[in-house]
Structure formats: structure tokens, C-alpha cells
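Hi everyone, thanks for coming. Let's take a look at this structure together, one piece at a time.

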Amino acid sequence: MNIIVCIKQVPDTTEVKINPETGTLIREGVPSIINPFDTYAIEEGLLLKEQFGGKVTVISMGPPQAMEALKEAVAMGADEAILLSDKAFAGSDTWATAYTLSQAVKKLGEFDVILCGKQAIDGDTGQVGPGIARQLDISQLTYVFKVRELDPEAGTLIVERLLEEGREVVQAPLPAVLTVVKDINQPRYPTFLGIRRATKMQIPIWTAADLPDTDPSKCGLEGSPTQVVRVFSPPQREGEVELIEGDSVDEAAGILADRLLAEKII
Amino acid sequence: MALLEINKDECTGCEACVDVCPFGSLSMVDGITEVDDTCTACGACLDVCPVDALSLPERPAAAAEGLEAYQGVWVWIEQFQGEAGSISWEMVGEGRKLADRRETTLTACVLGHDVEHIANQAIAYGADRVFWVGDPSLAVYRTRPYATTLVNLVRQYKPEIFLLGASSRGRDLAGSVATELYTGLTADCTGLDIDPETNLLRQTRPAFGGNIMATIICPNYRPQMATVRHRVFEMPVPDETRQGQIIAIDPIVGEDEVATKVVDFITEQGEVNLADAKIIVSGGRGVGGPEGYEPIRQLAEVLGGAVGASRAAVDAGWIPYAHQVGQTGRTVRPDLYIACGISGAVQHLAGMGTAKVIVAINKDPEAPIFTVANYGIVGDLFQVVPALTEQFRKKLHK
């Protein structure tokens, strides 16, 4: 089985702080990590490979420093990695990102499954997975919580998707794009041997010129329909917490209940 | 890689741009601005440079022709088992306002099987026109037939604005439709507005785990598409006397063209829809184990709310992932969020920080959850939560 995993390097948003004076992000010293959801996609790819054999190829579009994320994926056990990096890709929105990644997938040739995280924690859009599926005109299975069955011979799979009302069980033909949620597995740690392999590996960098039949006007800023026109700090929650105390727990609970009833939200 | 061009001869090293960069991508090197790869080409720095030393490449307006042919506001009405979700009506309410501001019509797209009643509801909630596509192949949502149907309708009738709910299905569908149409899509909006000068849809959304807000436009492609979060916009009041036009559309995709099959749907006992919940009672590390959720459940039951959880509790295996609130779980926006034994890590706050009223119950008075809470009780949740349940039981006469 040929398995492709698309990953993104993101700033660890839990480490991002806001400068209270300017209302801007302070990214100094903020570590770059593999998007957490993508680590589950990598693990699922490795699990499928262990079960069915084949190869896991990890691809990422980003600046040269995104190489670190790919090396980490290799250290976890991915067989191959490719970095898509070119000034022509800079400023891509989700449309241009999905286009560029799918052009790279086409160059990679035959594949059975493409795995992505359900969304990235910096952009939080969840649009690139569906975009890749549509660009490649193949099945799209988002929010996958479990791969129940996969039959490479018959070319089908059955997955459970986590939706608001419960879990939907869907059967689809291969190849397919799967975007995965957190609960699907427990990502492994890189092994010592894996880290050594990753350190030595020369990961190829593909530029726009390396992607055959790619329309440069559909890449990067030029190919992106959306534009960011303003960035600002979110409104802060107003007021301080009102700490409720009482002579007894029951009294405090009674006061709190009254306050909440007065808010007319219950 | 950064697209920002810096004219080093003009730069005076005033640092104005460094201070406004939302992403910390600019720094001073030898008295001159330098940009690194984290630049997102947002343009925030261009306006503040006193000597116009900063520039971004011009965007070609190649696709901007024929945009005026696109008119009207559309909303996709999501249905599950023949019932429309509240998020769809919230969007109809917001779509109505946008349509009025653009002095145009509001169209609802209703896809399903035996869902004519939803088409009628859409009119009552504020739509002028409904495209109603009924077919057994559309009974259960599947990406391909739904996306192809909407793509065809958009190509034929050319809406200017198209809104979908930022639910799992809405995001699944919108991503596919926008890709096929080659147009802009903004995910998870929490604010929509019409720019009075350009008449463009201004789409505002949180990013970076809720640390920043971004306003996004789509000037040269149509329709302008956005998914909108649950419970952001007011639920409109339906008016059964409203008149509108329901147009039945013949199915565009046959069942034989659809490769995916939904073979089962599993709803666990007590499974709750966190996204729609008005009240959420949530437990974290402080609940101590699976049995610790019992008092949480009881409070939720008395209040008619849903049960949430922090990542720590889910990772410990005390409660299923479907309950997780936060960055790697669900983003919720209830009227009331009661956090019990939750410290309030940044990742958790990102998922519930926009709740209208937040209550924190925690032993540790220093827990960060108290910094976002409206009300707090410092104490043992195993005493406070049952006491609160009892008080509500009395006061609500349950």
C-alpha cells in the first residue's frame, strides 16, 4: 500500500503570548511543532503500513525550516519525505495549499490512502483535506475516528467518522483522503534508530518547477482567492471573577444558583 | 520565502512595523527591518511605515471579470434524519440581514429526502426562495452528491455570498464545493459584515488558538463563501405567514454515481451534541476518575445541559473523546459553561472562552480558569457540585 501523509509545521499556539500593549503575537522562543492532529495521521499511516505493508511518504508545504517536521516524521518511522518549498508557494490560502499538495501527490504516482489531520491548530480551517480530495477527484472521509476495515485487494475501506450527533460508519472505495481526529490512535515516539536515519536522510525539496503541469497562477498569493485585510486581538472577557463564599457549601451553592438564575440563561 | 519586500534604502529603522506585526515576523538587524519565514503577507505593516519602504506583490485581478453577475445570499440548510439543525436557522437569520444590507434576496438550499417541511420552515425563518432537491440518494449527507448538487446550482444561479454551518458536515461540504468552484472560503467565522465602500463580505474569525482575530475578504472570486460557527448568531423567530418561493430541482447526481455508502450510525446512550448545547457542565483532572463524572452528569441533567471534559480527563480514559472541549476537541459557545476541577490550560480556554457565562469550581484559587470565569467557588467539586445540583433541583422545582 502506498500511503501519503500531509503534515504542517505550526507554532505551538499554547506557547504563543500576546503583547498586551500592541495586541500582537509574541513568537520569540515559541517552538515549532508538527501540527498535533497530523501526528495522529502519521501514526495511522504507520499502523496501516504495519498491517498491509507498503510505504509511508510524508509531504509538507512550507518554509525551509519545515524540514524539521519532516525529519521528525521520518524518525517516527515514515519511509520517505518531501518538502514543497518555493517563494512561489508563499502566501497560499487553503485553496492554493490544497492545489499545490495535490500536484505533488500526482507527481508521487500511485497511492491508496492520503492521511491528514482534521485541521491545523494555527489556521483551524480543516479545508485542505477536502480540497485535496476534490482536486484529485477521490473519496473524502473527514473526522475519521477509526479505520474499521481496509481491503487493499478489493480497494475498499470502512471508517467511523466522529460527528456532532454520534459516529457515522461509512464505506468508501480507495484511493481516499482521510482526515483524522485525535482519538484514532496514540502516536508513537521517535526511536533512536529512527532519529539516526532522519538525521542522515537527504529530504528532497520540490519547487514549483518540479511539479509537472502546475499552473503557477494557482499557487501562492496569486492563486489564493482569500486575503487577510486586518488582524487584531480578540476582545478580552470583561470584568473580574466574582468569587462566591458562604458559611457552608450549601449556602455558597445557593448564592451561585441564584446568580445564575438571575442571568436568565437557565 | 517571505513575500514582503523591504526597500533597505528607504527604511529608517523606526521599528513601527516591528511593533504592529501580529506574527512577530519582523525584527531589526543593523538598524534595518528584516522579515523571516513566519510572515503571512497580511499587510498590517504596510500602513504604518512612514516612508513606504514595505510592499507586497500586487495581486492580479484576472478573475475579477463578470463578478456583478453574482447576486443574492445563499444558505445551506443542514439536515440530519429529516430535521434541520439550529445552526442553519441561525445562518438564515444572519443571511437575511446581509441580504437586506445588499438589497438582494436570500435563498436557502435544502437537500434531502422527504424534506419539504424544511423548505417551508426556511421561508418562515426568513428565506425568500428555496431550492429544494429531494431524492433518496440525498437522504443521508454524503460529500459527493451534496457537493456536486450545490456546485451545479451555484454555476447556474450565481450567488454573491454562500454561507454554510461550521459543523462537521458543513466544513466537509464547503471545502469540497469551494475547491471545485475555485473560490475563497473562510472557515469558522464569528462575525460577518458588508464593507460599506466595496460591498465585499468581511469575514472575521479567530486563529492561532483564539489568540488573534483575522478579517478576511474574497475580492476577485465568487461566491464569497464562509462557514459560520454554532451559536454565534441569534436564532431568528419563525413567521409562519411569510411567503416565499419553493423551487423543486431535479436530482443532479444518481445513486449509481455515488461511491460512498453510510452503513450505520452509532449514537451512544446519553451522547450529547456539545456544539448545540446551551449549557455545558464540564469536568477535568479534578474529577479523579470515570466515577467522578457522576455528580457532573447529575448537575447537567438538572440543568438540561451536556457533559464536557478537559483533555486531561479524556487522555486518562475517564470519558470518551466526543466530550472533549478545547483545541484538540470541540469548540463550544454555550450560554453557561460550568468548569469543575478544570485548571484552565490555554488549550481548554481556546475551546470555551467565548461562552456567555463561565463558572469555575476548583480547589486551587490560583487556577487560570478563574481568570476567565464570571463566577467562581473555591472548593472541592465533590461537595460543591452536588450542593449546586440540589439547589437547582429545589429552585427549578425538579
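**Helix 6 of chain B**

Let's start with helix 6 of chain B, residues 293-303, where the buried residues are Tyr293(B), Pro295(B), Ile296(B), Leu299(B), Ala300(B), Val302(B) and Leu303(B). Buried here says that 20 or more other C-beta atoms, placed from the backbone, lie within 10 Å of the residue's own. Helices (H or I, at least four residues) and strands (E, at least two) are DSSP runs, numbered from the N terminus.

Please keep in mind that this is a predicted model, where local features need pLDDT of at least 70, side-chain atom pairs count only at pLDDT 80 or more, and totals for chains, interfaces and linings use all residues. Residues are numbered from 1 along each chain as its sequence is written, while chains are lettered from A and ligands numbered from 1 in the order in which they are written.

What do the buried residues of helix 6 of chain B pack against? Their partners in chain B are strand 18 (279-283), strand 19 (306-309), strand 20 (336-340) and helix 10 (381-395). After helix 6 of chain B comes Gly304(B), with a positive phi near 70 degrees.

Now for the two chains. Their contact takes 82 residues from chain A and 94 from chain B, with two residues in contact if their C-beta atoms, placed from the backbone, lie within 7 Å. On the chain B side, helix 5 (residues 168-181) gives the largest share, 8 residues.

Conventions: A residue is buried if 20 or more other C-beta atoms lie within 10 Å of its own, exposed if 12 or fewer, and partly exposed in between; C-beta atoms are placed from the backbone.
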